[in-house]
Amino acid sequence: MLLSDDALSLLRRSIRSVWALELLLLLRRDPGRDWSNADLVRELRGSELVVQEALGGFLGAGLVVAPADGCHRYHPAAPILDKWVEEIAQAYATRPSAIIREIFAAPGNKVQIFADSFRFRLND
């Protein structure tokens, strides 16, 4: 198996897109840095809305903290969370297509829902 069940669960619950994964890995590379939304938008060439949505998910998962100044920093609430993110990062570095498939296979993924709407149903 590419990921442990726990790391796979974290991936499916908290990382909704490849862009969000790239954002998380950027934050993780420099855990002592506080990033403003503008810095993250500029660094990854994303949109403010996408950054906000991804950071909201990471906050909810306990992967980042948001000091009072509106910046965000990678700071998992428990060491095991960092271990699972490390598993995801290593798998993404060695088998990116497998991780991308897992992201898009996650229940509730908007891209998957859109793609599924074009499937033919033979037994309806």
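This is a dialogue on reading a predicted model of one protein chain.

Visitor: Which secondary structure elements does the chain have, and in what pattern?

Guide: A predicted model is read by its elements before its residues. Here the secondary structure comes to seven helices and two strands. Along the sequence the pattern is α-α-α-α-β-β-α-α-α.

Visitor: How many of the residues count as buried?

Guide: Buried means under 20% relative accessible area. Of the 124 residues of this chain, 36% count as buried. The accessible surface comes to about 7,500 Å², and 56% of that surface belongs to carbon and sulfur atoms.

Visitor: Which residues of H2 are buried, and what covers them?

Guide: The buried residues of H2 are Trp 19, Ala 20, Leu 21, Leu 23, Leu 24, Leu 25, Leu 26 and Leu 27. Their cover includes the helices H3 (37-44), H4 (48-61), H5 (79-94) and H6 (96-105). The strands E1 (64-65) and E2 (73-74) are also part of that cover.

Visitor: At what angle do the axes of H1 and H5 cross?

Guide: The axes of H1 (residues 5-14) and H5 come within 9 Å and cross at roughly 85°. H1 is therefore roughly perpendicular to H5. On the H1 side the contact is made by Asp 6, Ala 7, Leu 10 and Leu 11. H5 contributes Leu 81, Trp 84, Val 85, Glu 87 and Ile 88. By class, this contact has seven nonpolar, no polar and two charged residues.

Visitor: Is Ser 14 buried or exposed?

Guide: Ser 14, in helix H1, has a relative accessible area of 9%, so Ser 14 is buried. Not counting residues up to four places away in sequence, Ser 14 touches Phe 58 and Ala 61.

Visitor: Where is Pro 31, and what is it in contact with?

Guide: Pro 31 sits in the loop between H2 and H3. Its relative accessible area is 40%, so Pro 31 is partly exposed. Leaving aside neighbours within four places in sequence, Pro 31 is in contact with Arg 73 and Tyr 74. Pro 31 and Pro 76 are 45 residues apart in sequence, with their C-alpha atoms 9.7 Å apart in space.

Visitor: What share of the contacts join residues at least 24 apart?

Guide: Among contacts between residues at least 6 apart in sequence, the share is 59%.

Notes:
Residues numbered from 1 in each chain as written. Predicted model: local features only at pLDDT ≥ 70, side-chain atom pairs only at ≥ 80, totals over all residues. Heavy atoms only, no water. Buried < 20%, exposed > 50% of the residue type's maximum accessible area, 1.4 Å probe, protein only. Helix = DSSP H or I, 4+ residues; strand = E, 2+ residues; numbered from the N terminus. Contact = heavy atoms within 4.5 Å. Areas by Shrake-Rupley, 256 points an atom, 1.4 Å probe, with all protein chains shown as cover. Axes fitted to C-alpha atoms, helices over the stretch in contact; angles between N-to-C directions. Parallel < 35°, antiparallel > 145°, perpendicular 65-115°, else oblique. Nonpolar A, V, L, I, M, F, W, Y, C, P; charged D, E, K, R; others polar.
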